[in-house]
Every structure is written in structure tokens, then in C-alpha cells.
Amino acid sequence: MGGLQHFWEQGDFITRGVAALLLLMSVSAWVLIFWKAWLLRRVRRDIARAVPAFWAATTLADGQRALSAFDREDTLVPLLAAATAQARGGTLESRGQLASQLTRRLRDALHAVLAQLQFGQVLLASIGSTAPFIGLFGTVWGIYHALAAISAAGAITIEKVAGPVGEALVMTAAGLAVAIPAVLAYNVFGKRVGACEAELEGFAHDLREMVAAGADAIEES
């Protein structure tokens with residue numbers, strides 16, 4: 001700790017700024033990791049319970065109530081709302097075929113839900129890809145700053161160089177410590193979001209088939 005404290009005290013505003021930036025990135029990444037792990041766990045459990053409950057309902061109204069009871073993060077209810085919505089008369093939307101209207105509304109609703117699930121992925125990817133280079137920049141600047149101070153002081157010996165250079169190398173280690181959890185979390189969450197996306201696409205497809213079949217039956221009768 002004494003070495004790090006000495007490094008902080010001897011560093012200039014750039015060195016301290018890099019350290020503060022890495023700390024901010026680390027805190028942001030870990031907050032996002034814990035939040036997304038909790039969110040995606042809830043979503044996967046809700047989908048696993050809500051979809052069977054919906055299809056086991058005897059009426060559409062009962063199915064909607066079942067979805068509302070289990071869908072705590074509003075990932076399935078918007079799809080049902082899009083499937084059962086009615087196009088306003090006199091609009092371009094109402095002139096299209098019912099199948100096309102259903103496809104468009106369900107596609108838009110699915111994209112909105114997926115955007116909700118993918119929130120934070122860009123930040124994790126950005127932190128994972130830039131943190132090592134930010135830490136490396138801090139190391140390079142710290143070494144330059146230390147060598148300039150030693151040179152100005154006079155005689156340069158290995159003892160005088162090893163300490164400041166070793167302290168500066170901590171910035172590279174800090175950058176890796178920030179980046180590695182962010183990269184791992186990005187990969188894990190990407191896989192979980194992909195699994196949720198597959199379930200949601202299947203549910204949207206089944207909703208489209210159900211609503212389209214009901215409309216065809218009404219027209220034939």
C-alpha cells in the first residue's frame with residue numbers, strides 16, 4: 001500500500017485521472033454485472049413459467065392474466081399486446097394483410113424487448129476492450145514521469161528506477177483487472193440473452209399463428 005500511496009502522491013493529474021477512470025469503469029462494470037445477472041435470471045424463470053401457463057389457459061383473457069402474473073419484467077406481455085392490437089382505420093397499416101400487420105407489430109415489439117435485455121452490453125464490451133489500453137497508457141505515462149523526475153535529480157541507479165517503474169506497472173495490472181470481468185460477463189450475458197431471444201421468437205411465432213388462424217376462421221364463417 002505504501003508503494004501505491006507513493007505512486008499516487010508523486011503522480012500528476014494525468015496519472016491520477018487514469019487511475020480514477022479505471023476505478024469508475026470497474027465500479028460501473030460490477031454494478032452492471034450484478035444487475036444484469038439478476039435481471040436475466042428473473043426473465044428466464046418468468047418465461048419458463050409464463051409461456052406454459054398462457055397456453056394452458058382456456059381463453060385469451062385468462063392467458064393474458066397468466067402472463068401478467070408471471071411476467072415481472074414485461075418481456076412477454078408486450079408481444080401479446082402487439083398480437084391482439086387492432087390497426088386504426090384509414091391508415092396505411094390497416095390496408096395491409098392481417099398476416100403482414102401481425103408480423104410488423106410483433107417484430108417491433110420483439111425488438112423493443114430485446115433492446116431492454118441487451119441494455120448494458122455495449123458498455124461491458126467497451127470497458128473490456130479499452131480498459132487494458134487505458135491501463136497501459138497510465139503505465140507508460142507513469143514510467144515517463146518517474147524517469148523524468150529521476151533524471152532531473154541526478155545520478156540514475158537501478159534502485160531508483162526499479163521502484164517507480166514497478167509502481168507504474170500496477171496501472172497495466174489494474175486495466176486487466178477491470179477488463180477481464182467485463183469481457184467474461186459480456187460473453188455469458190450474450191449467451192443468456194440469445195437463449196431468451198429464441199424463446200421470445202418462438203412465442204411470437206406461435207402468437208402470430210394463433211391470431212391469424214382465428215381471423216381466418218371468422219372470415220370463413
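# Notebook: contacts, core and rings in an all-helix model

**Entry 1. Ile 127.** I began with the surroundings of Ile 127. Leaving out residues up to four places away in sequence, Ile 127 touches Met 25, Ser 28, Ala 29, Pro 132, Val 178, Ala 179 and Ala 182. I note here that the model is a predicted one. Ile 127 itself sits in helix H7. Is Ile 127 buried or exposed? I looked up its relative accessibility, which is 3%, so Ile 127 counts as buried; the cut-off is under 20%. Leu 22 is 105 residues away from Ile 127 along the chain, and their C-alpha atoms are separated by 9.2 Å.

**Entry 2. Overall layout.** I counted the elements next. The protein chain has eight helices and zero strands, and read along the sequence it gives α-α-α-α-α-α-α-α. Of the 221 residues, 33% are buried. I then took the contacts between residues at least 6 apart in sequence and found that 78% of them join residues at least 24 apart. The chain exposes about 12700 Å², of which carbon and sulfur atoms supply 65%.

**Entry 3. Confidence.** I looked up pLDDT before going further. The mean for the protein chain is 84, and 78% of its residues reach 70 or more.

**Entry 4. The largest nonpolar core.** I listed the members of this core and counted 44 residues. Those that touch the most other members are Leu 76, Leu 79, Leu 117, Leu 124, Leu 200 and Phe 203. At least two core residues come from each of helix H2 (13-56), helix H4 (77-84), helix H6 (98-117), helix H7 (121-153) and helix H8 (158-220). H8 gives the largest share, 14 residues. As background, nonpolar side chains in soluble globular proteins tend to be buried together.

I followed Leu 117 out from there. Beyond its neighbours within four places in sequence, Leu 117 is in contact with Lys 36, Leu 40, Val 43, Thr 75, Val 193, Cys 196 and Leu 200.

Entry 5. I went through H4 for buried residues and found Leu 79, Leu 80, Ala 82 and Ala 83. Seen down the axis of H4, these fall within an arc of 160°, so they line one face of the helix.

Thr 75, one of the contacts of Leu 117, lies in the loop between helix H3 (60-70) and H4. How buried is Thr 75? Its relative accessible area is 1%, and Thr 75 is buried. Residues up to four places away aside, Thr 75 touches Val 43, Ile 47, Val 113, Leu 117 and Leu 200.

Asp 74 is in the loop between H3 and H4 too. I checked its backbone and read a phi near 55°, a positive value in a residue other than glycine. Most residues other than glycine have a negative phi. The relative accessibility of Asp 74 is 44%, so Asp 74 counts as partly exposed.

**Entry 6. Aromatic rings.** I found six aromatic pairs in the structure. I looked at two of them in detail.

Phe 54 and Phe 203 have ring centres 5.5 Å apart and planes at 80°, so this pair is edge-to-face. Which parts of the chain does the pair tie together? Phe 54 lies in helix H2 and Phe 203 in helix H8, so the pair joins parts that are 149 residues apart in sequence. Both Phe 54 and Phe 203 are buried. With Trp 55, Phe 54 and Phe 203 form one aromatic cluster.

Phe 137 and Trp 141 form a stacked pair, with 6.5 Å centre to centre and 25° between the planes. Phe 137 and Trp 141 are four residues apart in helix H7, so about one helical turn separates them. I checked the accessibility of each. Phe 137 is partly exposed, at a relative accessible area of 43%, and Trp 141 counts as partly exposed at 26%.

Key
Residues are numbered from 1 along each chain as its sequence is written. Side-chain values use heavy atoms; hydrogens and water are left out. A nonpolar core is a set of buried Ala, Val, Leu, Ile, Met, Phe, Trp, Tyr and Cys residues joined through side-chain atoms within 4.5 Å. Buried means under 20% relative accessible area, exposed over 50%, partly exposed in between (1.4 Å probe, protein chains only). Contact means heavy atoms within 4.5 Å. Accessible areas come from the Shrake-Rupley method with a 1.4 Å probe; for residues, only the protein chains shown count as cover. Rings of Phe, Tyr and Trp (its six-membered ring) pair if their centres lie within 6.5 Å; planes under 30 degrees apart count as stacked, over 60 as edge-to-face and the rest as tilted. The arc is that of the directions from the helix axis to the C-beta atoms. pLDDT is the predictor's confidence in each residue, from 0 to 100.
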